[in-house]
Amino acid sequence: MAGAARVIASRGEVVGQALRSAVEALRLARRELEAADADPARWRWVALGLVTALQGSLVAALAGYETAEDDAIRNPSSPDRIAPTALLLRRSRSNDYLVPPERVKLAAGQIRRIERVIELRNSAVHGLDFEVHEGVRDDIRAVLDLIEHLVFRHPAFDPKGYQLLLALISDEVRAVRGLVSASA
């Protein structure tokens, strides 16, 4: 049946892979953030790490339900690829993909903060002018808050099978938060 939505066959594998990606991306963000004040070019890698960690967290959430369909995480224009972070964020806020309390509920200001970090990442990846804006630390906190919502406060997946990955994510989120606060 061509074009029909398919339930994600290896949901546990998708969630685990997404969480592993989030751990590695947060490690990158933390390492680069440690030296970003001395070397502003490192902010590119901070943004890349944070958006990749957010994407992994969104994929874990959107693939977490037993009834989750492949379309929840796929890019409609390139079905063999994961959807862009901005699209995953929209889906996480939709009644079509998640239900309360897992569904993401954000104020307009929070969405804008997250979008600014995504824009920084896109500028870095596509070689565009890259300028760290005032308030970037608050924007980073908004991304971290959303990651915590998705993987700790209201995970759409059963966290039992991912305790080590969740502990590593927790450690990295705490470290990034500490660095953002310390250099503010």
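This is a predicted model: local features need pLDDT of at least 70, side-chain atom pairs count only at pLDDT 80 or more; totals for chains, interfaces and linings use all residues.
**View 1. Histidine 149 sits in helix α5.**
Start with the helix itself: α5 covers residues 136-153, and histidine 149 is part of it. Is histidine 149 buried or exposed? Its relative accessibility is 13%, so it counts as buried, since buried means under 20%. Who does it touch? Leaving aside residues up to four places away in sequence, histidine 149 is in contact with Pro101, Glu102, Arg103, Val104, His154 and Pro155.

**View 2. Here's the largest pocket, with a volume of about 240 Å³.**
If you'd like to find the lining residues, look for Val51, Thr52, Gln55, Arg81, Ile82, Ala83, Pro84, Thr85, Ala86, Ile118, Arg121 and Asn122. Sorted by class, the lining has six nonpolar, four polar and two charged residues.

**View 3. Arginine 27 and glutamate 24 pair up within helix α1.**
These two form a salt bridge, and their closest N and O atoms are 2.7 Å apart. Both belong to α1 (residues 11-36), where they are three residues apart, or about one turn of the helix. How open is each partner? Arginine 27 is partly exposed, with a relative accessible area of 23%. Glutamate 24 is partly exposed too, at 45%.

**View 4. Arginine 137 and aspartate 37 meet across the sequence.**
Now for a salt bridge between the side chains of arginine 137 and aspartate 37, at 2.8 Å from N to O. Why is this pair said to tie parts together? Arginine 137 lies in helix α5 while aspartate 37 lies in the loop between α1 and α2, so the bridge links parts that are 100 residues apart in sequence. On accessibility, arginine 137 counts as buried at 15%, whereas aspartate 37 counts as partly exposed at 46%.

**View 5. Aspartate 39 reaches arginine 42, and other bridges join up.**
Aspartate 39 and arginine 42 form a salt bridge, with 3.5 Å between the closest N and O atoms. Aspartate 39 is partly exposed at 33% relative accessibility, and arginine 42 is partly exposed at 28%. Elsewhere, salt bridges with shared partners join Glu24, Arg27, Arg30, Glu34 and Glu172 into one network. How many salt bridges turn up in a search of the whole structure? The count is 17.

Technical notes. Residues are numbered from 1 along each chain as its sequence is written. Side-chain values use heavy atoms; hydrogens and water are left out. Helices (H or I, at least four residues) and strands (E, at least two) are DSSP runs, numbered from the N terminus. Buried means under 20% relative accessible area, exposed over 50%, partly exposed in between (1.4 Å probe, protein chains only). Contact means heavy atoms within 4.5 Å. On a 1 Å grid over the protein atoms alone, a cavity is a set of points where a 1.4 Å probe fits but cannot get out, and a pocket is an open set with protein on both sides within 12 Å along at least five of seven lines; lining residues have an atom within 4 Å of a point. Grid points are joined across faces, edges and corners, and a volume is the space filled by probe spheres set on the points. Ala, Val, Leu, Ile, Met, Phe, Trp, Tyr, Cys and Pro count as nonpolar, Asp, Glu, Lys and Arg as charged, and the others, Gly among them, as polar. A salt bridge is a side-chain nitrogen of Lys or Arg within 4 Å of a carboxyl oxygen of Asp or Glu.
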